[in-house]
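Let's go through some of the labels used for a protein model and ask what stands behind each one. Have the structure open as you read.

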Amino acid sequence: STDVLAVYENCDPKLFMMLYWFMDYFHQGSQHAHSQLISSPSNNIYSRHQFWFLYQVLTKAKNGSATDARRRLINHIPVSSQSYSCSPYLDVAYFWYDDRLLSILERPKRYQNMPIQFFCRKSGTYKFTVRMDPQENPDSSSNAKPQVSFIFHPNDPFAISIQRFYETVINFHVHLKSPPSRPNGP
């Protein structure tokens, strides 16, 4: 049997705060200890800051309100655990990157012809860059908006970007370390 503990509206402040502090429990598959999201507001201060910043932006937007902001953010639950990348390269505890270009949520983003730079969260030093092929619009009268999706490997320095515009372009991004130098001699 099942007991219903509570019923909430899709803009309820109490439900919103439960999502904010306990997001890991709202995604599918959360009954397994190993399925915890790498960066979520419930386990990462930087992700919590991003979530709260998004809430503030939605609240202060033109015709925005706290109720509308809560409704928009609550409508994302239940979160499918397959929608999130578990790559450490997207973990906001380790790296800082422009979240307008890339996010831990695997969904298409608006393509912008600029490289995505990754910086160490603790030291602020530059670590690496992900570059994509520039896309040209052969028909400037079209309203088509180019999009790009990223799929990161769970632990290896490998990613796939899928750019959609007039044609689909698939890029494989691999971080190759410099080969060791050979010692002098025969």
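A residue counts as buried when its relative accessible area is under 20%. In this predicted model, 33% of the 186 residues of the protein chain count as buried.

Q: Why is isoleucine 104 called buried?
A: Isoleucine 104 has a relative accessible area of 13%. The cut-off for buried is under 20%, so isoleucine 104 with its 13% is called buried. As for its place in the chain, isoleucine 104 lies in the loop between strand E1 (95–96) and E2. Its C-alpha atom is separated by 8.3 Å from that of serine 87, which is 17 residues apart along the chain.

Q: Why does methionine 17 count as partly exposed?
A: Its relative accessibility is 33%. Partly exposed covers the range between the buried limit of 20% and the exposed limit of 50%, and therefore methionine 17 at 33% counts as partly exposed. You will find methionine 17 in helix H1 (residues 13–21).

Q: What makes the nonpolar surface patch?
A: Met17, Trp21, Phe22, Tyr25 and Trp52 make a patch of about 560 Å². Patch members need over 30% relative accessible area; methionine 17, at 33%, is therefore past that cut-off.

Q: How do you know which residues matter for the lining of the largest pocket, and which are closest to its centre?
A: A lining residue has an atom within 4 Å of a point of the pocket. The largest pocket holds about 1,100 Å³ of space. It is lined by 31 residues, and Gln50, Leu54, Asp99, Ser103 and Arg107 are the closest to its centre. Helix H2 (45–60) and helix H3 (66–74) each supply at least two lining residues, with H2 giving the largest share, nine residues.

Q: What makes a space a cavity, and how many are found here?
A: In a cavity a 1.4 Å probe fits but cannot get out. The search of the whole structure finds two of 30 Å³ or more. The largest cavity has a volume of about 50 Å³, and its lining includes Leu90, Leu101, Leu102 and Phe150.

Notes: Residues numbered from 1 in each chain as written. Predicted model: local features only at pLDDT ≥ 70, side-chain atom pairs only at ≥ 80, totals over all residues. Heavy atoms only, no water. Patch = residues over 30% accessible without salt bridge, like charges linked within 9 Å, V, L, I, M, F, W, Y side chains within 5 Å. Areas by Shrake-Rupley, 256 points an atom, 1.4 Å probe, with all protein chains shown as cover. Salt bridge = Lys/Arg side-chain N within 4 Å of Asp/Glu carboxyl O. Helix = DSSP H or I, 4+ residues; strand = E, 2+ residues; numbered from the N terminus. Buried < 20%, exposed > 50% of the residue type's maximum accessible area, 1.4 Å probe, protein only. 1 Å grid on protein atoms, 1.4 Å probe; cavity = no way out; pocket = protein on both sides within 12 Å on 5 of 7 lines; lining within 4 Å. Points joined across faces, edges and corners; volume = space filled by probe spheres on them.
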